[in-house]
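Subject: Structure handover

Hello,

The structure you asked for is below, and my notes on it follow.

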Amino acid sequence: MVLLQTQHITKNYEERKILSDVNIHLNQGELVSILGISGIGKTTLFNIVAGLEAPQSGQVLLENQTITNTTGHISYMLQKDLLLPYRTIMGNIILPALMQNIPKKEAEAKAAPFLKIFGLEKTENLYPSALSGGMRQRAALLRTYMFSKEVSLLDEPFSALDEITKRQVHSWYLELMKKIDLSTLLITHDVDEAILLSDRIYILSGRPASITKEITIEPDLKKQPEFDLSADFLAYKREILNLL
Ligand SMILES: Nc1ncnc2c1ncn2[C@@H]1O[C@H](COP(=O)(O)OP(=O)(O)OP(=O)(O)O)[C@@H](O)[C@H]1O
C-alpha cells in the first residue's frame, strides 16, 4: 500500500530551480533512501514532504489525502537533532509530547515500554552525556518515533556515528522496523548505508534535481551472509556511484 507520495514537486529559491518534477513514493513498512550529492536538494525535498516549505507546484499525499504545505502529519528527525544536555533521556524523549500539551505522566507512561525495544532500559534518569553515541542516537530515534505519525523522515540520522557503531545501529534499526512496522524515508549521502538499509533507493541528481533512477535492493540478496562484502553489494555500489 502506498502510504506517502510526492507528485510533480518543483521548487525554486528565487530564480534558482532546485527541484524539478520530483515523484517518489513510500509503501507501508518500507525503508526508502534518497541518495544524492551534497547541495542537490535532499533536505529541501524533506522540508516540503514535512510541510515546512511550500513547493512552487506539485502535491504531497499521505494515504491519498493532500498534506502539501501543512505540518504535523509526519515525524521528522533533522540532521542535527541532538538531545538536550540538561534534560534526562526520558525528559528528551517526551519533549515533543509536552509540546503537544500531552500531560507529563501520560507521556512517560507511553514512552516507558519503548525504552526496552530501543535498547535504552534503565537510562531514563540519565543525562545524554552518560550514554554512548549509539545509545544517544537510539534515544533521538525513539523521540522521533514516540509521538510520531505513520511515516518517519530521517535526515542523515547515522552520519555522526563511527563505522562500527553505525553498523550496529543499522542492524538494530532494521530489526526495529520489522518489530513495530515503521515506514521510513531516509536521506543519506552514504552509498553503503543506502544499500544496506533500503528496500529501494531513489537517486536525486541533475540541476535542477529530479529522480533520475530508482533502484530496488533485492531482499534475497540482502539476506546472504556478509552481504556488505559480496559481489552483489559491489555491483549495486558501482551502479550507484556511476549515477551520482
Ligand atoms: N532557504 C533557502 N534559500 C535559498 N537557497 C536555499 C535555501 N535552502 C537551501 N538552498 C539551496 O538549495 C540547494 C539545495 O539545498 P539542500 O539543503 O536541500 O541540499 P542537500 O542535498 O540536502 O545538501 P546536503 O547533503 O549538503 O545537506 C543548495 O544549493 C542550497 O544552497
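Between the two domains, 12 residues of domain 1 are in contact with 10 residues of domain 2, where contact means that the C-beta atoms of two residues, placed from the backbone, lie within 7 Å. On the side of domain 1 that touches domain 2, helix H6 (residues 163-180) gives the most, with seven residues. That side divides into eight nonpolar residues, three polar and one charged. The classes are as follows: Ala, Val, Leu, Ile, Met, Phe, Trp, Tyr, Cys and Pro count as nonpolar, Asp, Glu, Lys and Arg as charged, and the others, Gly among them, as polar. Domain 1 covers 2-74 + 150-243 and domain 2 covers 85-148; the bounds come from an automatic or database domain assignment. Their C-alpha centres lie 25 Å apart.

Two points on provenance. This is a predicted model, in which local features need pLDDT of at least 70 and side-chain atom pairs count only at pLDDT 80 or more, while totals for chains, interfaces and linings use all residues. Residue numbers start from 1 along each chain as its sequence is written.

Overall shape

The protein chain has nine helices and 10 strands. Helices (H or I, at least four residues) and strands (E, at least two) are DSSP runs numbered from the N terminus. A compact globule of 244 residues would have a radius of gyration near 18 Å, and the protein chain agrees with 18 Å; the radius is taken over C-alpha atoms, and the globule rule is 2.2 Å times the number of residues to the power 0.38. The C-alpha trace spans about 45 × 45 × 30 Å along its principal axes. Of the contacts between residues at least 6 apart in sequence, 66% join residues at least 24 apart.

Around the ligand are Tyr13, Ile18, Gly36, Ser38, Gly39, Ile40, Gly41, Lys42, Thr43, Thr44 and His189, each with its C-beta atom, placed from the backbone, within 6 Å of the ligand. By class the shell has three nonpolar, seven polar and one charged residues. H1 supplies the largest share of the shell, three residues.

Helix H1 (residues 42-49) is largely enclosed by the rest of the structure, because six of its eight residues are buried. The buried ones are Lys42, Thr44, Leu45, Phe46, Ile48 and Val49. Buried means 20 or more other C-beta atoms within 10 Å of the residue's own, exposed means 12 or fewer, and partly exposed lies in between, with C-beta atoms placed from the backbone. Across the protein chain, buried residues make up 34% of the 244. Just after H1, Gly51 takes a positive phi of about 85°.

Strands

Strand S3 (residues 31-35) pairs with strand S9 (residues 200-205) in the parallel sense over four bridges; two strands pair if DSSP finds at least two bridges between them. Ser33 has Ile201 as its bridge partner in S9, and Ile201 in turn has Ile215 as its partner in S10. S9 and strand S10 (residues 210-216) run antiparallel and are joined by six bridges. They form a hairpin with four residues between them, and Gly206 in the turn has a positive phi of about 95°.

Leu3 lies in strand S1 (residues 2-13) and is partly exposed, with 19 other C-beta atoms within 10 Å. Beyond its neighbours within four places in sequence, Leu3 has contacts that include Leu26, Leu62, Val151 and Ser183. His25 is 22 residues from Leu3 in sequence and 7.5 Å away in space, C-alpha to C-alpha.

Regards
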